[in-house]
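The sequence and structure come first.

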Amino acid sequence: MSRLRYHLPRMMLAAGVLLGSAFAIDGPAQPAHKRVAVVFLLVGAPYCSGTAECSADVVVGLQDSIRSPRHSAAAYEGMLNYQMTRYFDENSFYKSHLTFEAILNPGRADGWFEAPHSLFYYNEPPSEDVFSADRVFKDALNLAYPVVGDALQDYDMLLVIQNIQAHYGFNWW
């Protein structure tokens, strides 16, 4: 697995998929079907007693952007399969097909998993050997494994969605 840390513009993504499939030697390329495991991670607000205490460590406005999820994990799964699957199908000229499967927390009605660490843990500056997103993915895998077990290895990708509306996403390819 490699890390995709930057979002590619649509045209570059479509061109990359087209170029990759145009050079197939064994005849016409078959659509690449990929299963994406989706873990929904509910991150709590920073543990600060007041804004003065948090101001040195928390990005301005971050506390306001931590909100309760607007939809259940199952509802988001439906949105991903409707919108993102269509997007990748059309922009890859039907050479790449993604199916998103939410891994639901059986202990919560909305299916979201509560993050086992504080927001500060996930936002600490990365060290030489730890990419900061690795912590999020490690926790997501640890939360998902008891639910699906060894079937987790049958997925091609992991997508972690969290409730902080000011963050950009990471994807682990």
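## A salt bridge of Asp110

With which residue does Asp110 form a salt bridge, and how far apart are the closest N and O atoms? In this predicted model, the partner of Asp110 is Arg108, and the closest N and O atoms lie 2.8 Å apart. Salt bridges with shared partners join Arg108, Asp110 and Glu114 into one network.

Asp110 has a relative accessible area of 21% and is partly exposed. Arg108, with a relative accessible area of 25%, is also partly exposed. Because buried means under 20% relative accessible area, the 21% of Asp110 places this residue in the partly exposed class.

## Other salt bridges

The count of salt bridges in the structure is four. One of them joins the side chains of Arg35 and Glu101, with an N to O distance of 2.9 Å. This pair connects distant parts of the chain: Arg35 belongs to strand S2 (residues 32–42) and Glu101 to strand S3 (residues 96–103), 66 residues apart. Arg35 is partly exposed at a relative accessible area of 30%, and Glu101 is partly exposed at 22%. Arg35 also has a contact with an aromatic ring: its charged end sits over the ring of Tyr155, 4.3 Å from the ring centre.

Another salt bridge links Arg86 with Glu90, where the closest N and O atoms are 3.9 Å apart. A distance of 3.9 Å still counts, because the cut-off for a salt bridge is within 4 Å. Both residues lie in helix H4 (residues 73–91); they are four residues apart, so about one helical turn separates them. Arg86 has a relative accessible area of 40% and is partly exposed, as is Glu90 at 42%.

## Aromatic pairs

Four aromatic pairs are present. In one of them, the ring centres of Tyr76 and Trp112 are 6.2 Å apart and the planes stand at 75 degrees, so the pair is edge-to-face. Tyr76 lies in helix H4 and Trp112 in the loop between S3 and strand S4 (113–114); the two are 36 residues apart, and the pair links distant parts of the chain. Trp112 is buried, with a relative accessible area of 2%.

Tyr87 and Phe88 form another pair, with ring centres 5.3 Å apart and planes at 85 degrees, so this pair is edge-to-face as well. Tyr87 and Phe88 are both buried. One aromatic cluster consists of Phe40, Tyr76 and Trp112.

Terms used. Residues numbered from 1 in each chain as written. Predicted model: local features only at pLDDT ≥ 70, side-chain atom pairs only at ≥ 80, totals over all residues. Heavy atoms only, no water. Buried < 20%, exposed > 50% of the residue type's maximum accessible area, 1.4 Å probe, protein only. Phe/Tyr/Trp six-rings, centres within 6.5 Å; stacked < 30°, edge-to-face > 60°. Lys NZ or Arg CZ within 6 Å of the ring centre and 35° of its normal.
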